[in-house]
Amino acid sequence: KQQTVKVVSLAKTPKSNKASWNNGLFKMAASIALLITAFYAGRYFKTQEANAQIAQIEQEQSELKQTTMMSLLENQSASKRIQAVSYIDEIKSPNDAVVRAIADRMLHDENTNVRLAAVEALTRFNASKLVKMAFVEALGMEKDPSVQIAIIQNLVKLQEKDALEPMKKLLEQEDTQPFVKDEINQVLSEII
């Protein structure tokens, strides 16, 4: 037994060391890639969750502002009603009930400043058919010249054909202020 020669292959040993080295490197790279993927996936889902929470909070805040605005519109104080009308600027997309409430203030509030503030607030929603109809109705009812002028200017911007009849009636009325008649005469051709 002592005289038998042991043959040790040198070629196989480096290959097995090289293969185990490559195998270990591959496992390490896969682990790092898995770790990075898990990190970014977790970050993505956390961002999505945070964005959903922010959207929910913004929605609740908008609803609270609308509720506050609706309650202030019924306040006895004209300044509180003006404040309520101005809240619409802070609401990104008010619902129809809010727009109707402001249109109602424009049509029926006893205070001229509240009606004028309502006209200014509603100009943001000129595309709404509800607002256009409210402007036309208000022009037929309104007696204050400053509010009449504001409504006329908005109707001209809208190119609202339904406003022609109330404008012509204002021209015929004796109690219409001369400067309101002048304004109507100037802008009447722009609508037609």
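**Helices and how they pack**

Guide: Let's start with a pair: helix α3 (residues 96-108) and α5 pack with their axes 9 Å apart, at an angle of about 10°. Keep in mind that this is a predicted model.

Visitor: What does that angle make α3 relative to α5, roughly parallel or roughly antiparallel?
Guide: Roughly parallel, because angles under 35 degrees count that way.

Visitor: Which residues make the contact?
Guide: From α3, they are D96, V99, R100, A103, M106, L107 and H108. From α5 come L130, V131, A134, F135, E137, A138 and M141.

Visitor: And how many of those are nonpolar, polar or charged?
Guide: The contact of α3 with α5 has 10 nonpolar residues, 3 charged and 1 polar.

Visitor: OK, zooming out. How many helices and strands does the chain have?
Guide: There are 8 helices and 0 strands. Along the sequence that reads α-α-α-α-α-α-α-α.

Visitor: How much of the chain is buried?
Guide: Of its 192 residues, 32% are buried. As for contacts with a separation of 6 or more, 61% of them join residues 24 or more positions apart.

Visitor: How far does α6 reach, end to end?
Guide: Helix α6, residues 145-158, spans 20 Å from its first C-alpha to its last, close to the 20 Å expected. Just after α6 comes Q159, with a positive phi of about 55°.

Visitor: New topic: K168. Where is it?
Guide: K168 sits in helix α7. Its relative accessibility is 39%, so K168 counts as partly exposed.

Visitor: How far is K168 from I184?
Guide: In space they are 8.2 Å apart, C-alpha to C-alpha, and in sequence 16 residues apart.

Visitor: Last one: where is the confidence lowest, and where is it highest?
Guide: Lowest in helix α1 (residues 12-73), with a mean of 81, and highest in α4, at 92. The chain averages a pLDDT of 83, and 89% of the residues score at least 70.

Notes:
Residues numbered from 1 in each chain as written. Predicted model: local features only at pLDDT ≥ 70, side-chain atom pairs only at ≥ 80, totals over all residues. Heavy atoms only, no water. Helix = DSSP H or I, 4+ residues; strand = E, 2+ residues; numbered from the N terminus. Expected span 1.5 Å × (residues − 1). pLDDT = per-residue confidence, 0-100. Axes fitted to C-alpha atoms, helices over the stretch in contact; angles between N-to-C directions. Parallel < 35°, antiparallel > 145°, perpendicular 65-115°, else oblique. Contact = heavy atoms within 4.5 Å. Nonpolar A, V, L, I, M, F, W, Y, C, P; charged D, E, K, R; others polar. Buried < 20%, exposed > 50% of the residue type's maximum accessible area, 1.4 Å probe, protein only.
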